[in-house]
Every structure is written in C-alpha cells, then in structure tokens.
Amino acid sequence: MKFGMFYVLECPDHDYRRAYEEMLDQIEYAESLGFSSVWLAEHHGDDYGSMPSPQVAAAAVSQRTKTMRIGIAVSILPFANPVRIAEDYAMVDVLSNGRLDFGVGRGYQPQEFKMMGVQQDISREIFAESLDIILGSWQNEEFSYQGKHFQVENIAVRPRPIQKPHPPVWVAAISPETFDLVAQKGLQIMVTPTLMTLPELKENVLKSMRALIERGYKPEDLNFPMNLQMHIAPTEEQAVANTEKALDWYFKRVIELVPKGPNTPKSYERFAEVAEQMGDISVDVLREAGIILLGTPEQAVARVQELQDDIGQKQLLCWMRIGGLEHKKVMDSMKLFAEEVMPYFNSQQTPVPRALSAEPALV
C-alpha cells in the first residue's frame, strides 16, 4: 500500500507566503519519511484553498523533491482552455522527469463558477470535451477535435509529456452520476469521504469497480486513490484537541461553499442533499461517519486496514494540514504516521476485496 500527502492549502489568516513555504517544507519532509506522493488541489477566490494554479505549485514541488509522484487533485477542467491545460501539465511532467499523476474534475463550488464566468449547469459537458482534447493532444503529435464547446484543428502540444502514452489520469468523483460516467469511459476514480459517509463511499467505489471489471479490467489492476482528513497523536484526546478548532472552521466553510437550496444547478443535487444532512455538524458526528480520522497510530492502523479489507485500497492520501492547522502539529502527525502506521502496510500486498469476488459483498 502506498501513502501520499494531500493539500488544499486552506489559509484562514491570509499569510500566503507562510502557507506556501510550510507546504513545501512538509512535502520535503514527507519524502524523507517515505511518503510516495503529494497531491495538490485547485480552488479559486476563497480561504478554503489558495492554489488557483496547482501546475505552478507542482512545478515548484518538482524542484524540491527527487522521487515523489506529484499528483493533481484536481485540475478543474471547465475553468481553462483544455489546450493550455495540456501544455501546462506536459511541462510539469517534463520538469519532474515523468512524475506527474493527473487528476481531473468538473468543480462544484458556485462562487468559483461565477468568478470564472462559466455556467455550472453545463460543467459535465465541458468537462467531457476538455478531457478528450487533453488526452488526444498528449497521445498524438497533431490533434483535431470538433465538439459543442471546443473546436481545435491540427494542434501540436509542446513540450510532449515524458510518460507514454500520457501521465496517469484519475477523475474525482463525489456524485453517483460521476461514478457512472467514469466507469463508462473506462477510467479510474479519485475519491474522498469529505462530502459523504464512509459506508456511502465504499458502496460507490465498489459499484464503479464492478462496472470496470465488467468492461474487462482485472480487479488487481484497479487503483482508486482516496484522500482522508486525519491527525495522529500519542492519545486520542490529544488528536481531537489539536484539530477541533481547525476542523470546525473547515467544515463550516465547505458547507457554505457547496451548491444548496432551490437554485442548485442541474447535476449537483447530490451536493445539496449532503449540505442539508451536514447542517448541524460536529467533530463527533464527523468521526462517527468515518469522514475524518483522529486518533492514535493504533487507531489509524485499524482504519487503514478496514479500507484495505473492504475496498482493496491501494493508495491513501493523508490530508493533515486541515483548515490551516499549525505547522508543528502537522509535522508531528506526519512523523507518527510514517513511523508507526506505514510500516505495518508497506510489507503487505493489498488483497482483492471479497466484495469484488463471487463471495457476498462486505458493504
């Protein structure tokens, strides 16, 4: 099993220089601890996230690290021209010597769509066309495409990505419709329990895995990276106390940002349902739902083992800088996780879960 770090880079105090430097220091430290990847998220116009161009951050990371995979979780395709996205991330693949993992999504925050001048109710259409163009331009020396939203003629992306036929691609999925769409295209999924309970997430993951298996994928080849908000401390009480304020800020902010109410854009109804369910949120409720992991290394081992057993989790992305959590607390949590959790799984081969075999499903 592989472990990575995940950053939205929340910045409630607006000290962006400190936030960027802390993130880069943490990433360097993570590589020295044995984390195999780091994943960077794109957001716009809010303290919730301060990486509007994760390709810029990824280029910086490529020069501060030597071996870590550099993942994007995700590039919001409706917010930029797909040819420019293809060019930027081809550069990242070159600068990192072929270490890019390319995650894509269609976005979900109404204020971001308004800021970027994009109609949210057609985001799925734009996303699908953009992804076709990006992959086509990476796979072909010259590429043409005629779609509803984009038309390109004989384009040539320079530089070419190092990885062939292109960097690995994942699609972020929260709504059940997106799980279905990804399965139809034969891609793999990046998942998060942030806006759904862990049992719901397991159910959706297994459903998509079964759909891919029906299309010819081997169960052992499926790899759906999951990011999970967590904090590890010597005692459970300390883990909760360390993060309670940051988690309270984070979840209040995310509920304010997701689509909700009578004006929810078409195809985002699931977000509105989640926002209503999470209206009266607390750390205890979040922990009970499996949305966050706060506890000791032993408790972390148990949760990771559950994910491995139930859905065959092969890659877990540790979201530790939650809500702008203090640098030292993040570094201490990283160290405990690397020294007392990761070794338990590094020597194990992830089994195919029984839920993907002929035996009765676990979820």
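**View 1. Strands β2 and β3 sit side by side in the sheet.** β2 and β3 pair in the parallel sense, with four bridges between them; here, pairing asks for at least two bridges found by DSSP. Helices (H or I, at least four residues) and strands (E, at least two) are DSSP runs, numbered from the N terminus. Look for tryptophan 39, which stands opposite glycine 71 in β3. From β2 the chain passes through helix α2 (residues 54-64) to reach β3, a right-handed β-α-β crossover. Right-handed describes a path from the first strand over the helix to the second that runs clockwise, with the strands pointing away from the viewer. Strand β3 (residues 69-76) is mostly covered, as seven of its eight residues are buried; buried means under 20% relative accessible area, exposed over 50%, and partly exposed in between (1.4 Å probe, protein chains only).

A note on the model before the next views: this is a predicted model, in which local features need pLDDT of at least 70 and side-chain atom pairs count only at pLDDT 80 or more, while totals for chains, interfaces and linings use all residues. Residues are numbered from 1 along each chain as its sequence is written, and side-chain values use heavy atoms, with hydrogens and water left out.

**View 2. Strand β3 meets strand β4.** Five bridges join β3 to β4 (residues 100-105), and the two run parallel. Isoleucine 70 has leucine 100 in β4 as its bridge partner.

**View 3. Nine strands form an open sheet.** Follow the order β8-β7-β4-β3-β2-β1-β11-β9-β10, with parallel pairing. At the edges are β8 (188-190) and β10 (292-295), each of which pairs on one side only. From one strand to the next, the twist averages 30 degrees. Angles run from 0 to 180 degrees between N-to-C directions, and axes are lines fitted to C-alpha atoms, for helices over the stretch in contact.

View 4. β1 (residues 2-7) and β11 (residues 315-319) are parallel partners over four bridges. Methionine 5 has cysteine 318 as its bridge partner in β11. Helix α1 (residues 16-33) packs on the sheet and touches β1 and β2 (37-40), its direction making about 175 degrees with that of β1; contact means heavy atoms within 4.5 Å. Helix α11 (residues 297-311) lies across β1, β9 (226-232), β10 and β11, and runs at about 145 degrees to β10.

**View 5. Asp13, Asp15, Arg18, Glu22 and Arg321 are linked in a salt-bridge network**. A salt bridge places a side-chain nitrogen of Lys or Arg within 4 Å of a carboxyl oxygen of Asp or Glu, and the count comes to 22. One of them joins aspartate 15 to arginine 18, with the closest N and O atoms 3.5 Å apart. Aspartate 15 is partly exposed at 32% relative accessible area, and arginine 18 is also partly exposed, at 27%.

**View 6. Two salt bridges lie along helices.** In helix α8 (residues 236-257), glutamate 256 and arginine 253 are three residues apart, about one turn of the helix, and their side chains meet in a salt bridge (2.0 Å, N to O). Glutamate 339 bridges to lysine 335, the closest N and O atoms being 3.0 Å apart. These two residues are four apart in helix α12 (residues 327-340), so about one helical turn separates them. Glutamate 339 is partly exposed, with 45% relative accessible area, and so is lysine 335, with 36%.
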